[in-house]
Amino acid sequence: MRCLLATALLLACTPAWAQPVDYSVDIVAPRATSAPTVIITVNMRGDRDGTTELDLPNEWAGRDQLWRNVSDVRVRGGAPVRSEKPELLRIRHRPAARLTIRYRVTDPDPKPPGPDFEKAIPVIEPGWFYLHGEGVFMVPTGGENRAARFRWGQVPRGWQAISGLDTPPPALTANQVASSALFGGTDLRLIERNVGGQTVRFAFRGTWGFADADLADRGARIIATENALMGNSARPYFIQLAPLTNPTGKARSYGGTGRTGGFALAATSNVPISAFTRLLAHEYGHRWFGGQFGPFEDGARDYWFTEGFNDWFAAQALVESGLWGVAEWTANANALLKQHSRSSALKLTAAQLDEQFWTDNAAMQFSYDRGFLIALVIDSALRDAGKPPLATIIRSMAQSAPPPGLREPEWFSAKLETVLPGALARAQAMIPIGGPPVLPPALMGGCGQIAMLDGVPQIIPVAGNDTACKARLAAAGQAP
């Protein structure tokens, strides 16, 4: 059939995958004290063969069968047909028909989230909600990279609803919608900060041991520092902090997840601002580690780079920002060395670490700590050889793109090999899988010595040598 220039016919002749998938979220709450009803609507053009499939929420963050939290699915423009997989919605329709899929998201736990909070589970409580996209959004099967749009629909009077999708990236995709966070309620507190000419928004709920503005100030400072370290321009960003209950008062729990357009935090009220400071630095680092550099489909085997190098970068950024001094950086590194050296995951193989990442906290942390230490060893070797420090190599990656077909960990390895041959292999041998770290005493140069204390390697600073240590830790510094 020949496509005419009439707008409607042009639209009909455009391939389905070339047309945006429109997502909207309605919040319905008859009373401010009641739990809201969350309704998601997906508008899209169906496939030209007359059958369209969508992936329901299923597996993420160690949970499966997330499709159980989706109910009352209604389709207009086609008819659902039986699928052998409960996580798959199959629709029959006229070729390239317009489809509207509308469904409800439910919270399977009647209690508010506590210290053992599982982020894959939707939180819908009286007066507020907190949702991670992987647990609530349908995505066209095979269409993760299709263009997408997002908007809030109905929001009750007296409520606020906010997301990183409110200021989307230039080319939003369906997968980015499904990697977002949604936060709303009757008692959200919003703060804005200007960072490099862009607005960074902070949303708080609950009572904390610090002022909202103090955390917002620290977050803005961290974001500005990391942008400068990577040589990248500022962008709109969103940070949310949700409360976790603490029935005994003895638990301490906090965590965060990098999201499209921002990141989402949840914590018990006894978490100090110092813990959030480090977490903020790590989470914003996912703009590059796991963002521009990834994410990857190989799971935990690449987390030494996307998580561990990110931890190392975050520590450098905190020193650069002035929020950490030598003492704070050293205390963080020594705590990490102790944790890693005594980890039960030291006995696991690479395959076991990958398999148990989401079910064993020690296996999860192992990749973070090993990557941090590998980065530390590489940075030290570069400085001692009179080469540009590791931050310079990472910065060059942030300002370019990998060669076609080359994954970022291999790209990094190739770039490092041209600067200091064998550096990565030597670092990985010092921080092995299946054994404790083996660090040279002079790893920190004139800043301090590595000594064994109770079988654990620790950094022993040289008294009164802060100048040498600051030079050793400076992102763009040279070895003293």
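View 1. Helix 8 is mostly covered, since 19 of its 24 residues are buried, where buried means under 20% relative accessible area, exposed means over 50% and partly exposed lies in between, with a 1.4 Å probe and protein chains only. Helices (H or I, at least four residues) and strands (E, at least two) are DSSP runs that are numbered from the N terminus. This is a predicted model, in which local features need pLDDT of at least 70 and side-chain atom pairs count only at pLDDT 80 or more, while totals for chains, interfaces and linings use all residues. Residues are numbered from 1 along each chain as its sequence is written, and side-chain values use heavy atoms, with hydrogens and water left out. The 24 residues of helix 8, residues 361–384, should span 34 Å at 1.5 Å a residue, and the end C-alpha atoms are 35 Å apart, which agrees; the expected span of a helix is 1.5 Å times one less than its number of residues. At the start of helix 8, a side-chain oxygen of Asp-360 reaches to within 2.9 Å of the backbone nitrogen of Ala-362, and Gly-386, whose phi is positive and near 75°, follows the helix. Met-364 lies in helix 8 and is partly exposed, with a relative accessible area of 22%. Between the C-alpha atoms of Met-364 and Ile-393, which are 29 residues apart along the chain, the separation is 26 Å.

**View 2. The crossing of helix 4 and helix 5.** Two packed helices are described by the angle between their axes and the distance between the axes. Here the axes of helix 4 (residues 273–285) and helix 5 (residues 303–321) come within 8 Å and cross at roughly 125°, where axes are lines fitted to C-alpha atoms, for helices over the stretch in contact, and angles run from 0 to 180 degrees between N-to-C directions. Helix 4 and helix 5 are therefore oblique to each other, given that angles under 35 degrees count as roughly parallel, over 145 as roughly antiparallel, 65 to 115 as roughly perpendicular and the rest as oblique. The crossing of the two helices is right-handed; a crossing has this hand if the near helix is turned clockwise from the far one by less than a right angle, and is left-handed if anticlockwise.

View 3. Thr-277 lies in helix 4 and counts as buried at 2% relative accessibility. A polar atom of the Thr-277 side chain lies 2.8 Å from the backbone oxygen of Ile-273. A polar contact is a pair of N or O atoms within 3.5 Å; within protein, one must be able to donate a hydrogen and the other to accept it, and residues adjacent in sequence count only if both atoms are side-chain atoms. The 19 residues of helix 5 should span 27 Å at 1.5 Å a residue, and its end C-alpha atoms are 25 Å apart, which agrees. Helix 5 is mostly covered, with 17 of its 19 residues buried, and is followed by Gly-322, whose phi is positive and near 90°.

View 4. Strand 19 (residues 448–453) and strand 20 (residues 456–461) run antiparallel and are joined by 6 bridges; two strands pair if DSSP finds at least two bridges between them. Leu-453 has Val-456 of strand 20 as its bridge partner. The hairpin has 2 residues between the strands, and Asp-454, which lies in that loop, has a positive phi of about 55° although it is not a glycine. With a relative accessible area of 74%, Asp-454 is exposed.

View 5. Strand 15 (residues 198–204) and strand 16 (residues 237–244) pair in the parallel sense over 5 bridges, and Phe-202 stands opposite Ile-239 in strand 16.
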